[in-house]
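Please look at the sequence and the structure first, and then work through each task before reading its solution.

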Amino acid sequence: MRLKGIPVSPGISVGNAQIVLVKETPVIRIILPEESVEAETARLRAALEATIRDVEALKEQARGKLSEDFLSIFDAHVIILKDPALFNHAAGQIKNERVNAEFAFQSAIHSTIMGLLATDDPYFQERATDMEDLRRRTLEHLLGTDSLERTWKGENLVLLADTLTPSETGAFHNAPIVGFATEHGARTSHTAIIARSLEIPAVVGVKGLMEAAVSERPVIVDGLTGSVILNPTKEEITEYRQRAEAYKEQRRQILAHARVEARTIDGHRILVAANVDLTDEVQSAIQVGANGVGLYRSEFLFLDCAPDLPTEEQHLAYYNRIAEPFYPHRVVIRTLDLGGEKYFHNVLDRSERNPVLGVRAVRFCLKHPEMFKTQLRGLLRASARKNVAILIPLITTVEEFHEVLGLLDTCKAELRAKGIPFDEGVPVGIMVEVPSTALTAEAFAPLVDFFSIGTNDLIQYLLAIDRNNDSVAHLYDPMHPAVLKCIAAVCEAAQKAGKPVAVCGEVAADPRMTALLLGLGVGSLSMTPSSILDVKARVRNLALKSCQKLAKKALLSPSGKGVAALVDAFLEKGDRAI
Ligand code: PEP
Ligand code: MG
């Protein structure tokens with residue numbers, strides 16, 4: 001039986017199914033005699049402490065297997081468990097309502113989980129999964145049960161579960177587990193991220209999985225396509241074993257080419273850099289030979305520190321974690337781009353009617369200059385090594401950029417006065433993601449050190465398509481001639497002023513777009529590390545001269561479909577098609 005889900009960790013595993021059942025003992029409400037309140041509160045405290053010990057033990061076991069970044073997920077769990085608000089909420093209920101610790105704890109953590117789920121924000125919904133993990137563990141201690149089978153029997157196990165929590169997944173590294181599939185889950189979940197980090201093939205969001213799954217039968221999990229095959233035939237097993245081997249061989253070959261630069265047939269070097277969201281991705285980016293980081297989204301630092309704002313020291317420490325390992329390659333760090341429904345943070349105004357067009361990114365930073373200056377000082381200090389560049393998102397007017405430069409000058413003066421070192425010539429660039437900025441790029445060109453085109457938002461604002469709305473996803477077309485015209489306008493203005501242009505939106509990762517982007521004049525591409533080798537390989541097969549001809553023709557096309565046909569013909573027949 002073949003089911004489909006979301007592939008979240010690449011590779012193919014063929015193994016024996018082991019169903020992970022969460023056998024929860026129901027929590028019932030018991031009214032206690034007055035004299036038991038103290039003992040019950042102590043029982044709650046002991047259970048929380050036991051869970052803290054569990055989490056710390058898991059962290060120790062995972063040390064060396066998971067990077068520091070992922071290990072910090074366990075630290076975050078300990079912080080949640082030590083939160084006095086959680087304990088006080090439950091202890092208050094034990095005291096006031098004289099209920100048992102299980103019931104009080106369940107209702108205290110349940111209200112926090114519900115609060116997180118109600119935010120409608122994928123980040124906070126994920127934190128709800130983390131809380132669920134802690135809820136289960138603490139209840140196990142209180143009830144004296146063990147809901148999850150933790151001693152794995154057999155070899156080559158492929159786990160099939162409704163969901164798996166991050167701490168469960170983090171413990172897989174020393175278990176005979178070769179893959180997993182879950183009925184629920186998303187690509188951005190911690191569970192998925194840990195699976196990628198451990199290089200365990202995984203598929204999540206497999207509808208109907210738990211109804212169809214049978215334990216101890218063969219199963220195939222294809223983390224490349226999202227297929228999960230229960231009870232495969234002998235032929236399927238042979239075929240997928242071959243595919244798994246072919247994938248491993250392909251990865252070996254690709255990695256062997258990681259150091260080969262991306263130079264076109266006619267000798268033009270293209271920089272292929274990495275988009276890094278979590279500092280943990282630094283190692284995979286280096287492994288695939290990224291030419292530095294083209295976009296680090298600092299929102300993740302802010303979300304990590306929430307509900308507090310990061311201090312200058314935290315900014316510095318975080319940026320150093322990226323800039324140091326990449327030295328001497330350049331690392332482009334983008335200032336805060338919160339808002340616009342991308343991520344939720346308590347500092348945002350939740351009452352905005354249309355946040356995508358509201359106080360987002362640099363607009364938000366300029367409204368909170370002290371917060372912004374803390375980030376700018378952190379960035380300047382991280383630039384002392386001279387491989388950091390600063391990128392400002394969502395710039396719409398020249399005045400806005402002047403205001404940013406003014407604040408940056410103030411921060412430089414503050415650091416100078418204290419004798420703190422920084423790069424006096426730190427490059428400052430802007431994201432081009434608002435159509436007006438693309439169309440007036442010549443006004444920005446003398447002011448900036450570089451342009452970085454954010455096609456994700458540029459397309460959203462140019463074609464009036466909500467980037468998060470599935471119903472209009474079919475209209476989200478990077479080949480639309482209007483998108484190409486905006487990119488061409490930026491490249492033309494930049495070239496006149498001698499400034500470089502990068503693309504850091506998702507289109508940079510699409511090898512089908514590479515010829516068009518190079519032809520329009522883009523000199524560097526920044527993308528998720530997993531796409532770097534494919535895009536580098538594509539660049540090496542292209543001649544810049546031909547790409548320029550292709551782009552010229554594409555700009556005259558009346559529609560995205562026309563451009564797509566042109567690109568496909570070019571990729572098939574080369575120059576003969578243009
Ligand atoms: C973009 O808009 O293309 C971009 C790279 O930024 P983000 O996806 O973070 O908005
Ligand atoms: Mg953007």
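## Exercise 1: Cysteines

Cys491 is buried, at a relative accessible area of 5%; buried means under 20% relative accessible area, exposed over 50%, and partly exposed in between, with a 1.4 Å probe and protein chains only. The model is predicted, so local features need pLDDT of at least 70 and side-chain atom pairs count only at pLDDT 80 or more, while totals for chains, interfaces and linings use all residues. Residues are numbered from 1 along each chain as its sequence is written, chains are lettered from A and ligands numbered from 1 in the order in which they are written, and side-chain values use heavy atoms, with hydrogens and water left out.

Solution. 
1. A disulfide is a pair of cysteine sulfur atoms within 2.5 Å.
2. Cys365 is in none, and its nearest cysteine sulfur, in Cys411, is 12 Å away.

## Exercise 2: The chain as a whole

Task: describe the protein chain by its radius of gyration, its box and its share of buried residues.

Solution. 
1. The radius of gyration is taken over C-alpha atoms, and the globule rule is 2.2 Å times the number of residues to the power 0.38.
2. For 578 residues a compact globule would have a value near 25 Å; the protein chain has 26 Å, which agrees.
3. Along the principal axes, the C-alpha atoms fill a box of roughly 80 × 70 × 40 Å.
4. Of the 578 residues, 53% are buried.
5. A contact means heavy atoms within 4.5 Å. Among contacts with a separation of 6 or more, 69% come from residues 24 or more positions apart.
6. The chain has 23 helices and 16 strands; helices (H or I, at least four residues) and strands (E, at least two) are DSSP runs numbered from the N terminus.

## Exercise 3: The barrel

Task: trace the closed barrel and find the strands that pair with E9.

Solution. 
1. Two strands pair if DSSP finds at least two bridges between them.
2. The closed barrel has eight strands in the order E9-E10-E11-E12-E13-E14-E15-E16, with parallel pairing. On average, neighbouring strands of this sheet are turned by 25 degrees against each other, direction ignored; the axes are lines fitted to C-alpha atoms, for helices over the stretch in contact, and angles run from 0 to 180 degrees between N-to-C directions.
3. E9 and E16 (residues 524–527) run parallel and are joined by four bridges, where Ala273 has Ser526 in E16 as its bridge partner.
4. E9 also pairs with E10 (residues 293–297) in the parallel sense over three bridges, and Val293 in E10 is the bridge partner of Ala274.
5. Five of the six residues of E9 (residues 271–276) are buried, so this strand is largely enclosed by the rest of the structure.
6. E13 and E14 (residues 450–453) form a parallel pair over four bridges, and Ile453 in E14 is the bridge partner of Val432.

## Exercise 4: The magnesium ion

Task: identify the protein donors of the magnesium ion (ligand 2) and locate them in the chain.

Solution. 
1. Donors are N, O and S atoms within 2.8 Å of the metal (3.2 Å for Na, K and Ca); water is not among the atoms, so sites may look incomplete.
2. The protein donors are Glu433 (OE) and Asp457 (OD), lying 2.1 Å from the ion.
3. Glu433 is in the loop between strand E13 (428–432) and helix H16 (435–439), and Asp457 is in helix H18 (residues 455–462); the two are 24 residues apart and link distant parts of the chain.
4. Both Glu433 and Asp457 are buried.

## Exercise 5: Backbone exceptions

Task: locate the cis peptide bond between Tyr327 and Pro328 and describe the positive phi of Arg98.

Solution. 
1. Most residues other than glycine have a negative phi, and most peptide bonds are trans.
2. The bond from Tyr327 to Pro328 is cis, with omega near 5 degrees. Pro328 lies in the loop between helix H12 (312–326) and strand E11 (331–334).
3. Arg98, not a glycine, has a positive phi of about 55 degrees. Arg98 is in the loop between helix H3 (84–97) and helix H4 (101–117), and counts as partly exposed at 29% relative accessibility.
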